[in-house]
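This briefing concerns a predicted model.

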Amino acid sequence: HHIDHHIDRHGADTRASLHPDLALLLSTSGSTGSPKLVRLSQRNLVANASSIVEYLQITAADRGITTLPLHYCYGLSVLHSHLLAGASVVLTDASVVDPCFRRALTDHAVTNVAGVPHTYEMLDRSGHDSLYVPSLRLLTQAGGRMDPADVARWVDRSAGCGVDFYVMYGQTEAGPRMSYVPPRDAWAWSHTIGRPIEGGGFRLVDAAGV
C-alpha cells in the first residue's frame, strides 16, 4: 500500500496508509456548502457505471461528449459508463451554446449529451435546435432539480426528434447515480427522481426513523 509521510510540528514522522478499497476521492459541497471528500471504491464505481450502461442502453456504437468537467461526479460518470461499454467520448471544452460544440456533435456523430439544469437553460435561451443532430440518441439531465414544466417541454421536443430525454438523480456518495425517470414515464413522473437504478433501492422514513 502507498504510505504518505508527514512530519508534524514536533518533528515526529507520522504515517497514513490508504484503505485497500479506496479508488477515488471526489469533492462535494454537500448540503452545508463546506467542501468534503467522498471515498469511492473500485467496486462502487464499476457497479454504478454498469447500472448506467444498462438503463441508458449504452453500446460500443455510442459517442458521448464532455459537456461537464471530469472532476465533477456526473461528468466522470459519463466517461466511466461509456468506457465500460466500449463506447467513445469526444473531448471538448466548448460551451454547449458555442458553434464549435455544434460542429463537434456533427463531425463526430455524437449520440449522447449530458447536462445539468443550467445547460438546458442556456440552450433554451440560445436555441435548442443546435442539439438535435441526426446522430443524437439521448439527452440526460442530473445535477439539480429541473422544473417539471421544463422537463415536459424537453421530453416533447426530444421525442419529436426521435431522441430520449432522461431525468436522473444522484449524489457523489453513490458514485453518483441513484435513480432515473424512463422517458416514457417522464410526463407523468416529471416531478419525481424516478426509480432506483439496478442494484439500488430507496426507503422513506419519518423524523422518528420509522
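Asp 98 caps the N-terminal end of helix α3, with one of its side-chain oxygens 2.7 Å from the backbone nitrogen of Cys 100. Such a polar contact is a pair of N or O atoms within 3.5 Å; within protein, one must be able to donate a hydrogen and the other to accept it, and residues adjacent in sequence count only if both atoms are side-chain atoms. Residues are numbered from 1 along each chain as its sequence is written. In this predicted model, local features need pLDDT of at least 70 and side-chain atom pairs count only at pLDDT 80 or more, while totals for chains, interfaces and linings use all residues; side-chain values use heavy atoms, without hydrogens and water.

**Helix α3**

- Helix α3 covers residues 99–107; helices (H or I, at least four residues) and strands (E, at least two) are DSSP runs, numbered from the N terminus.
- Phe 101, Ala 104 and Leu 105 of this helix are buried, where buried means under 20% relative accessible area, exposed over 50%, and partly exposed in between (1.4 Å probe, protein chains only).
- These buried residues line one face of the helix, because they fall within an arc of 100° when seen down the axis of α3; the arc is that of the directions from the helix axis to the C-beta atoms.
- On the other side of α3, Pro 99 and Asp 107 are exposed.
- The buried residues of α3 pack against β5 (63–65) and β7 (112–115), contact meaning heavy atoms within 4.5 Å.
- Just after α3, Ala 109 has a positive phi of about 50°.

**Salt bridges around Arg 153**

- The count comes to five salt bridges, each being a side-chain nitrogen of Lys or Arg within 4 Å of a carboxyl oxygen of Asp or Glu.
- Asp 124 and Arg 153 form a salt bridge with an N to O distance of 3.1 Å. This pair links distant parts of the chain, since Asp 124 lies in helix α4 (residues 117–126) and Arg 153 in helix α5 (residues 148–160), 29 residues apart.
- Arg 153 also bridges to Asp 150, with the closest N and O atoms 2.7 Å apart. The two residues are separated by about one helical turn, because they are three residues apart in helix α5.
- A network of salt bridges links Asp 124, Asp 150, Arg 153 and Arg 157.
- Asp 124 is partly exposed at 31% relative accessible area, as are Arg 153 at 33% and Asp 150 at 23%.

- Asp 185 and Arg 195 form a salt bridge, their closest N and O atoms being 3.3 Å apart. Asp 185 is in the loop between β10 (177–181) and β11 (195–196), and Arg 195 is in strand β11, ten residues apart.
- Arg 195 is partly exposed, at 36% relative accessibility.
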